[in-house]
Amino acid sequence: MLQPIRSLPVADLQQWLAKHHQPNFRAAQIMDWVYEKLAVSPEEMSNLPKELRQDLARDFDFCTTVPVETKRDDDDAVKWLLKLHDGNTIESVLIRAPGRTTACISTQVGCAVRCVFCATGRQGFVRNLSPAEIIDQVVVASREHGRRVGNVVVMGMGEPLYNFDHLNLALDTLCSPAGLGLSARQVTVSTSGIPQGIRRLADQHRPWNLAVSLHAPTDELRARLIPSRHRHRLADILAACEYYRSATNRMVTLEYVLIKDINDSLEQAAKLASIAKQIQAKVNLIPCNSPDGSFAPPERGDCERFLNVLVNRRVQATIRRRKGFAIQAACGQLRQQTDSPAVKPPEP
Ligand code: SF4
């Protein structure tokens with residue numbers, strides 16, 4: 001396996017250049033191609049000598065996530081099936097909205113958490129992505145956009161906080177001026193609610209946005225939606241969220257997938273409102289995108305009524321527009337291209 005260029009420290013590149021009898025300034029040229037011009041092959045590096053380009057191609061991997069299928073949706077979502085060096089595949093998505101372009105990226109092949117409404121969860125866990133595999137998804141999306149994307153949401157396949165070290169390294173490169181140069185405030189890490197991981201993330205003291213997928217206002221209901229040992233007690237998750245807010249001074253977002261007749265009652269909305277107020281969080285309501293129709297979103301009017309309960313209790317809340325549904329690029333629909341058995345919805 002070749003060394004991924006986007007996880008190579010500049011000092012190591014300089015050493016490699018010296019070994020190949022190349023001047024030191026070539027390192028800056030190569031980094032400019034890799035991070036500014038978003039090159040995915042040395043062939044694109046037109047100001048480098050041909051022999052150097054050949055040596056680079058022999059020793060380094062310039063894109064660890066190779067698009068093998070691209071789907072485009074009318075409402076400006078683009079989804080890629082990306083092939084990794086070992087033949088595994090992941091998906092990532094570019095979402096365009098007026099004045100805002102966002103790459104939604106994955107951190108694992110599959111996911112161990114197994115939320116019942118999620119296509120990724122049905123696959124189970126396969127492996128963690130490397131830092132370069134996380135970064136290169138942003139490069140693929142940025143090339144499509146024509147320049148670096150404005151925002152990155154770590155909300156694709158996998159539980160990011162179960163791949164903490166690689167995520168952290170990748171975010172460092174994404175947010176470094178010598179890397180892709182995103183501001184930490186343009187990055188959102190979304191977790192299913194891993195208290196230890198949330199505290200570790202807070203301890204990095206970077207103002208990344210944190211989104212926590214709550215999906216239910218009680219432990220009992222959460223147990224039906226996340227029926228695995230990776231589910232944690234609400235009280236522990238909320239304490240970790242408060243820790244995050246006080247360590248980073250950033251408001252946490254609670255993500256809540258709205259599922260018809262399961263978690264969409266007005267009473268549940270009131271409970272969610274008190275949780276949000278308790279930890280001073282915003283709420284993002286996401287009408288369910290069931291991969292196989294086993295779960296349905298509430299009617300639009302019911303979503304609005306749920307939202308109004310939150311807003312009337314002075315909770316900052318929004319309903320997320322469903323983007324990319326037609327190409328299975330919406331939240332909860334990403335998966336490796338394998339067939340997996342459907343999971344029955346929990347009993348109400
Ligand atoms: S929703 Fe997120 S945490 Fe849950 S199974 Fe899917 S990828 Fe994993």
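**Close-up 1. Helix 6 meets helix 8.** In this contact, Pro195, Ile198, Arg199, Leu201 and Ala202 of helix 6 touch Asp236, Ile237, Ala240, Cys241, Tyr243, Tyr244, Ala247 and Thr248 of helix 8. Here "in contact" means that two residues have their C-beta atoms, placed from the backbone, within 7 Å. Helices are DSSP runs (H or I, at least four residues), numbered from the N terminus. By class, you'll find 10 nonpolar, one polar and two charged residues in the contact of helix 6 with helix 8. For these classes, Ala, Val, Leu, Ile, Met, Phe, Trp, Tyr, Cys and Pro are nonpolar, Asp, Glu, Lys and Arg are charged, and the others, Gly among them, are polar. Helix 6 spans residues 195-202 and helix 8 spans residues 234-248; they pack at an angle of about 5°, with their axes 9 Å apart. That makes helix 6 roughly parallel to helix 8. (Under 35 degrees counts as roughly parallel, over 145 as roughly antiparallel, 65 to 115 as roughly perpendicular, and the rest as oblique.) Axes are lines fitted to C-alpha atoms over the stretch in contact, and angles run from 0 to 180 degrees between N-to-C directions.

A quick note before moving on: this is a predicted model, where local features need pLDDT of at least 70, side-chain atom pairs count only at pLDDT 80 or more, and totals for chains, interfaces and linings use all residues. Residue numbers start from 1 along each chain as its sequence is written.

**Close-up 2. Helix 4 packs against helix 5.** Helix 4 (residues 131-145) and helix 5 (residues 164-175) pack at about 40°, with their axes 8 Å apart. That makes helix 4 oblique to helix 5. On the helix 4 side, look for Pro131, Ile134, Ile135 and Val138; they meet His166, Leu167, Leu169, Ala170, Thr173 and Leu174 in helix 5. This contact has eight nonpolar, two polar and no charged residues.

**Close-up 3. Helix 9 crosses helix 10.** The axes of helix 9 (residues 266-278) and helix 10 (residues 300-312) come within 8 Å and cross at roughly 35°. This crossing is right-handed. Leu266, Ala269, Ala270, Leu272, Ala273 and Ala276 in helix 9 meet up with Arg305, Phe306, Val309 and Leu310 in helix 10. Sorted by class, that's nine nonpolar, no polar and one charged residues.

**Close-up 4. Around the ligand.** The ligand has 12 residues around it, and the closest are Cys111, Cys115, Cys118, Gly121 and Ser192.

Conventions. Helices (H or I, at least four residues) and strands (E, at least two) are DSSP runs, numbered from the N terminus. A crossing is left-handed if the near helix is turned anticlockwise from the far one by less than a right angle, and right-handed if clockwise. A residue is near a molecule or strand if its C-beta atom, placed from the backbone, lies within 6 Å of it.
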